[in-house]
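User: Hi, can you walk me through this structure? I'd like to start with the pockets, then look at some helices.
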Amino acid sequence: MGITIKKSEAETVLRAAYRAASSSDDSLDDWTFLATSLREVDAPRTYTAALVTALLARACDDRVDPLSIKEKYGERAFSLRTLCHGVVVPMSVELGFDLGATGREPINNQPFFRYDHYSEIVRVTNKARPYLDRVSNALAKVDEEDFSVEESFDALVSVLAVCIAVASKKRRVAVGSAIVEASMIAETQSFVVSGHDVPRKLQACVAAGLDMAYDDVISRRINDPSRDMPGDVQVILDGDPLLTVEVRGKSVSGEGLEQFVRSATDAGFRRVALMVDAASHVSLMTADELTSDLEQEYECIVKVNESVSSFLRDVFVWSPRDTHSILSAFPEAMYRRMIEIEVRDSEMERWAKLFPET
C-alpha cells in the first residue's frame with residue numbers, strides 16, 4: 001500500500017539539501033531552468049511546492065514514483081500532501097526558502113487534491129498546462145532514468161537554490177523614512193490601483209495600514225476556503241473580535257454594505273469598515289444617513305473609505321505611532337503583506353523601487 005516517507009528522515013535530507021543549496025553555486029541547469037520558470041507570472045503557485053516534495057521523496061527512497069500524488073495509487077506511490085504539509089512547508093518557514101505558495105497546505109489545491117497520480121490529471125487551465133507538463137516531464141525523467149537517491153538529492157538542491165534566491169530577494173526591506181505623508185499616500189494610491197493584482201494589493205494595503213495601529217491583524221488569503229470570519233482583514237484584541245474590514249476593488253451598493261454589516265455583527269464585530277477603491281463605484285456617502293441608519297439598526301460603528309488615499313489619511317490621524325515611525329514602517333509592512341497574499345514578483349519589485357533604502 002505505497003511507501004511512507006519517515007518525517008525525521010525527510011527533515012534530515014531537506015536540511016542537508018538546504019545547506020548544499022546555500023553554500024554551492026554548482027546547480028544543474030535543467031532543474032534550475034525548471035524551478036525558475038515556475039516563478040513566471042502565469043505559473044501556478046503550488047507547483048514549486050509539489051516539485052520540491054516529489055524530489056525530496058525520491059531523495060529519501062529511490063523506489064518512490066515521483067509522479068504519484070496519493071499513497072493508495074500503487075506500491076511505489078507516496079502521499080504528496082502528507083510530506084508537503086508535514087515537512088516541506090514548515091521547514092520552508094524555519095529555514096527561509098520560498099515555495100511560491102504561502103498556505104499551509106499547497107497540495108490541497110487544483111490539480112493535486114482530486115487525482116492520485118500525475119498521469120490522471122486532465123482538468124487544468126490553459127495557462128497552467130505548459131507548467132504542469134514541464135513538472136510532470138521532469139519527474140517522469142527521474143523515474144525513467146532511474147535516478148538514484150544521490151541524483152535526486154542533486155536535483156532537489158538545484159531547485160532549492162532558486163527558492164532560496166527568491167526568498168532572499170523578497171527579504172529586501174523597503175524603507176520610507178525620507179518621504180513625507182502626502183508623498184507616501186499619493187505613491188501608494190497610484191501603485192495599488194494600477195498594474196496587476198489590484199485586489200491583492202488593496203487587501204495588503206489595508207492590512208499594512210492597520211498594522212500601524214494594532215498588534216493582531218489578520219489578513220485572509222483571497223479565495224481561501226478556510227475563511228471563518230466575515231471580511232478580508234480583521235483586528236483581534238485580547239482574543240476577541242474588534243474590527244473587520246471588507247476590501248473591494250469594484251463597486252459596492254448600499255445593499256451590499258448592509259449585508260456585510262449584518263454578517264459582521266452576527267459574528268460579534270462591533271466595528272465594521274468598508275474600504276472600496278474602484279472607478280465604477282458610486283459613493284455611498286451621498287446617501288443621506290446611510291451609515292448612521294446601519295449603526296442604529298445593527299448596534300455597531302460603521303466606517304466607509306472610498307479610496308486608498310482616504311484610508312491612509314485615517315491611518316496617519318488615528319495611529320498611536322508618530323508620523324516618522326509610520327513613514328518608516330508602512331512601506332516594509334506593505335511589502336510583507338504583499339508577500340503574504342502572494343502578489344506577483346513584478347509588482348513587489350515595483351513597490352520596492354518606490355521606496356528604496358535610505
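User: What volume does the second largest pocket have?
Analyst: This is a predicted model. In this model, the second largest pocket has a volume of about 520 Å³.

User: How many residues line the second largest pocket, and which lie nearest its centre?
Analyst: The lining has 22 residues. Leu210, Tyr214, Leu243, Lys303 and Trp318 lie nearest the centre.

User: Which helices and strands each supply at least two residues of that lining?
Analyst: Two helices do: α8 (198–211) and α11 (308–318). So do the strands β3 (240–248), β4 (271–276) and β5 (301–305).

User: Which one gives the most?
Analyst: β4 does, with 5 residues.

User: And how does the lining of the second largest pocket split by class?
Analyst: It has 16 nonpolar, 3 polar and 3 charged residues.

User: OK, new topic. At roughly what angle do the axes of α7 and α13 cross?
Analyst: They cross at roughly 165°. The axes come within 11 Å. Helix α7 covers residues 181–192, and helix α13 covers residues 345–354.

User: Why is α7 called roughly antiparallel to α13?
Analyst: Because the angle of roughly 165° is over 145, the cut-off for roughly antiparallel.

User: Is the crossing left-handed or right-handed?
Analyst: Right-handed, as α7 passes α13.

User: Which residues meet there, α7 with α13?
Analyst: From α7, Glu187, Thr188 and Phe191. They meet Glu347, Arg350, Trp351 and Leu354 in α13.

User: How do the residues of that contact divide by class?
Analyst: Into 3 nonpolar, 1 polar and 3 charged.

Key: Residues are numbered from 1 along each chain as its sequence is written. This is a predicted model: local features need pLDDT of at least 70, side-chain atom pairs count only at pLDDT 80 or more; totals for chains, interfaces and linings use all residues. Side-chain values use heavy atoms; hydrogens and water are left out. Axes are lines fitted to C-alpha atoms, for helices over the stretch in contact, and angles run from 0 to 180 degrees between N-to-C directions. Helices (H or I, at least four residues) and strands (E, at least two) are DSSP runs, numbered from the N terminus. Angles under 35 degrees count as roughly parallel, over 145 as roughly antiparallel, 65 to 115 as roughly perpendicular and the rest as oblique. A crossing is left-handed if the near helix is turned anticlockwise from the far one by less than a right angle, and right-handed if clockwise. Contact means heavy atoms within 4.5 Å. Ala, Val, Leu, Ile, Met, Phe, Trp, Tyr, Cys and Pro count as nonpolar, Asp, Glu, Lys and Arg as charged, and the others, Gly among them, as polar. On a 1 Å grid over the protein atoms alone, a cavity is a set of points where a 1.4 Å probe fits but cannot get out, and a pocket is an open set with protein on both sides within 12 Å along at least five of seven lines; lining residues have an atom within 4 Å of a point. Grid points are joined across faces, edges and corners, and a volume is the space filled by probe spheres set on the points.
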